[in-house]
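Good morning. Please have the sequence and the model open while I talk. I will go through a few places in turn.

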Amino acid sequence: MAKHKTSYYQNWRRAPISTTFRTLSSPYVFAPLLILGLIALGVLFYYYDRYTKIIDAGLRGDTFVRSSGIYAAPYNLNEGTSLRMSEVMAHLQSVGYLERGRTDNEKRGQYTVRGDVLEVFPSGDTMIDGMKAFRSLRIDFDRNGRLIQAIQDIETRERLAQAQLEPELISTVINPEREKRKIIVYPDLPKTLIDGIVAIEDRQFFEHPGINWRGILRALIRDYQIGELREGGSSITQQLVKNFFLKPEKTWKRKLSEAYMSILLEQRLSKQEIMSMYCNQIYLGQRGGFSINGFGQASRTYFGKDVSNLNLHESALLAGIIRSPNYYSPFTNEDRALARRNLVLEKMVEADRLSQADAEAAKRMPLGVVSKAAGIDASDAPYFVDYLMRLTEDEVTSGGEPLHSLRIYSTIDLDLQRAAYQAVVKNMELVEKLIAGRRGGTSGLQAALVAMNAKTGEILALVGGRNYAASQLNRAVDSKRQPGSVFKPFVYATALELRNTGVGPTITPATIFVDEPRTFEYDGKRYDPGNFGDKYEMMPMTVRDALVNSKNVITVELAERIGFGEIQRFAEQAGLTKIPPYPSMALGVGEATPLQMTSAYTAFANQGRRVTPIAIKRVTTKDGATIYESKTETNEVMTPQVAYIMTSMLQDVLDRGTGTRVRQMGFQGVAAGKTGSSRDGWFAGYTPNLVCVVWVGFDDNSDLRLTGGATAAPIWADFMMRALRVRPDLAGQFPMPEDGIIAMDIDPATGAVASESTANRRTELFLKGTEPGTQMLPDYSVPDMDTTPGMTPAEAPRTQSPTRSSGDESLISTGRGMEDFIPLPPNTRRRVVNPTTPQPSRPAATAPAARRPIQQIPPRPTEGRPSFMRRLAEAFGLTSTPSAAAQPAPTPWTNAGLGSKSRSTTPVSPDIPLPPGARTRPAEPGNVDRQPQKRSETPNVTQVDIRQPAPRPIPTPIATPPPVEPREGTFVLEVCTTSGLLPVKGLCTSTVKRRFLLGKEPTAFCSPSEHK
């Protein structure tokens, strides 16, 4: 019988172990298996080495360094100031401090409350250059907790008048990818958040070795059913590996790499460290131009609080949006976010991490997110951070230091930043309503605000737009716009400063100008400025009143008188560049950013010294070693005396001028400021320690059609009231210089020293040596009707009014008839002839040494004084001396070439009476009395206002010009408009006629350097 042959399967069924062993030990099987095993082992070792290096590089890279990031300015405490304990505690909580006993994290700052005593213990990350940056403090409040009574260093027992608390961390990481992240550690995470994350994302996280096999199997089945990779099924460790170490590609290769690296990462880090790293890395939404990464930043963005203070329903919401932050965003999809949050609560109940009763209570809670814009605009100062990062990259990291490993201590005060943002948002809603009624649309309407410490230059608040999420253009720093009348104070300050340095014409706050239409000529072109709304007073007014009421024509005439080049140089010293040297520059046609204008205004608040803006205070490494520290930089723009007088004038702007809206808003503090109305609205104002500039306008440069007083001033007032409540140390009184300023009572209608009978007298400030009574010159600003040879009275130039209280030259504007002015030759300019005819009827002028207090200064003399030529003729017996009764009564107004107004009751002619306060036109050529003797007997004609509206009528020539009676010790000279020196043909394209004192005229010729 044949032997039956058994199969391999039958043999394996009878003896599976021995059969398998014999099969594998067969050389035909063992050799291939060995080769495949060695290959697989090599592959595993290759990828082990490769992935280990990737993990080590990532962990060593200090990508998440808790102490790195951008910090705000320290929180200031002052003994004796009104500050609530609750406000201090709110700051500590915003920094991340926790009450003692609530955390095991020793690196977190902590505090304790014992009745009216608050004890503060700084975090362990506040070392700078090996020294503790902030002290442990004991702060004693009054019984109501509203006043700081005492501050004491807990360690040294030293009593402190002032101290600082740790600054708030604005953002931990801001990198070129525009990610915002606030680093946290595992002890910072509330249990409710951890439970919610685990319940919805990876229920077996604390049990599996890095891979959730059940989740992966479930995902593979679903992906196979739909025919593509959609389901994740990844564990928390795998999500971390994918986001942190790998690219998020949907391929099988990436899935295998992710799984292998997850196992390796689990061998390197503990579950707590992995969870902490995951919570810092995960993407949780978009805010404006930034992506929000990590629960620390998300908690701040969505709820405006530290992650450790999250409630149950808040934790559930953040855990729920992990799957798709934009799809479940509570800002744009409230219903989806609410449903997702409730789902997380149900999953927590299923995982036995939450009771059903607590879940139901949490479901009834609203989402509780902060307003859409406030989460980033108010708390994170995004426009300021953009500006700061630009500076950091330019000034700090040029050596290659990575941004994510640095501590950047900025100057921003987050309390003031929030006040600034709230003021902009609140008041721009009202501006929108005003504009909508005028032009029908407000698209592109924007605002910007900059607040700066006037002494140090530190930027305390910066708002670059209304909504950072909608537009990231930083209008406070990058948008150059015409400042309009905000520039005018620099014109007036130039005039005062020139006299203070002994150069240029004398201008004082009491100098008189006439507010009426005027045409100017420059470089062969006509310029016709107009006041706002074409409103003119048609009467003389002082320089102070012209600035207070923002008179355009007077400002341009003042600029013409002192020289456009002088104003340009002055503005450049104040940090305002590219100011064109022509007439319209006086009205602010040059361009500047709000930040530049804020820095320029520090010169007024800081006693004449402009301060350069500072955004970065200090930069250190993650270990606290300083690598950059800013220093306050100043440059002198004007003297303290000029700055104080300008501040006095700008205070009047708020009290009775174009800035009264500030007072109407309720701001009653000591401050000065100026409105500006170009195509935009501006307001620039300051206290002794805080300068703030507000701009309102359209991005496309459309005309706002509203004044700065109606648009920007309310924002300024709102911010200042909020700011000074938070920082009362920024208020105060403007310090008056010890010397160099004289205060005198004047008559504002004339600019002259007030008499006892003056009804509306007021005290005016003068630079020492320019006050009324310090000069013995008679009025020479308005020529006599017998004018320059060859010129008819109707051709008389428009010049300054009589009796300037101070000054040694006056500018005569270019215009019709100016070609008839012939300057004296150089060899005759210094021929000064002293008058010899006694003047018994004229009281002696007050000499500087005889200056007396305001109450003892008598009114200025009213007797006239004969001209130099007339007295010379009298000395040789060529004419008779007029009687004292017939002497003219000089008017004390000075108006820098705009004419005058006589207060004399003596008529101009028998048939043309001149009532007090009346303005008169020059006599027609046919009616002028050509007899010198007759004219000398009625000298009042030289005291009347010879102004006339532009354009002037062409004068009718006469055959016999009237004789000239030159004014004593003065003459007219043509000089370069830019430099004020003798003009050079071919170089000086524009000249003006000025009147000089003998011996005070320029003798040097202009040079090319003056025209650069």
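One term before we start: contact means heavy atoms within 4.5 Å. With that in hand, look at E314, which touches F303, K305 and N309, leaving out residues up to four places away in sequence.

Two sentences on where this comes from. This is a predicted model, in which local features need pLDDT of at least 70 and side-chain atom pairs count only at pLDDT 80 or more, while totals for chains, interfaces and linings use all residues. Residues are numbered from 1 along each chain as its sequence is written, and side-chain values use heavy atoms, with hydrogens and water left out.

Back to E314. It sits in helix α11, residues 312-320; helices (H or I, at least four residues) and strands (E, at least two) are DSSP runs, numbered from the N terminus. Is E314 buried or exposed? Buried means under 20% relative accessible area, exposed over 50%, and partly exposed in between, with a 1.4 Å probe and protein chains only. E314 has 5% relative accessibility, so it counts as buried. Its side chain reaches the backbone nitrogen of N311 at 2.9 Å.

Next, V431, in helix α16, residues 414-439. V431 counts as buried because its relative accessible area is 2%. Setting aside residues up to four places away in sequence, V431 touches L445, V696 and T711. How far apart in space are V431 and A712? They are 281 residues apart in sequence, and the C-alpha to C-alpha distance is 9.0 Å.

Now the cores. A nonpolar core is a set of buried Ala, Val, Leu, Ile, Met, Phe, Trp, Tyr and Cys residues joined through side-chain atoms within 4.5 Å. The largest one has 92 residues, and F490, Y492 and Y601 have the most contacts inside it. The helix that gives the most to this core is α23, residues 640-656, with 8 residues. Another core lies apart from it, with 49 residues, including I200 and L354. As for F490, and leaving aside neighbours within four places in sequence, its contacts are F570, A574, L576, M597, A600, Y601 and F604.

On a 1 Å grid over the protein atoms alone, a cavity is a set of points where a 1.4 Å probe fits but cannot get out, and lining residues have an atom within 4 Å of a point. A search of the whole structure finds 4 cavities of 30 Å³ or more.

R157 has a phi of about 65 degrees and is found in the loop between β9 (148-153) and β10 (159-160). S550 has a phi of about 55 degrees, and its place is the loop between α19 (543-548) and α20 (552-562). R157 is exposed, with a relative accessible area of 61%, whereas S550 is buried at 13%.

That is the end of my list.

Key
On a 1 Å grid over the protein atoms alone, a cavity is a set of points where a 1.4 Å probe fits but cannot get out, and a pocket is an open set with protein on both sides within 12 Å along at least five of seven lines; lining residues have an atom within 4 Å of a point. Grid points are joined across faces, edges and corners, and a volume is the space filled by probe spheres set on the points. A polar contact is a pair of N or O atoms within 3.5 Å; within protein, one must be able to donate a hydrogen and the other to accept it, and residues adjacent in sequence count only if both atoms are side-chain atoms.
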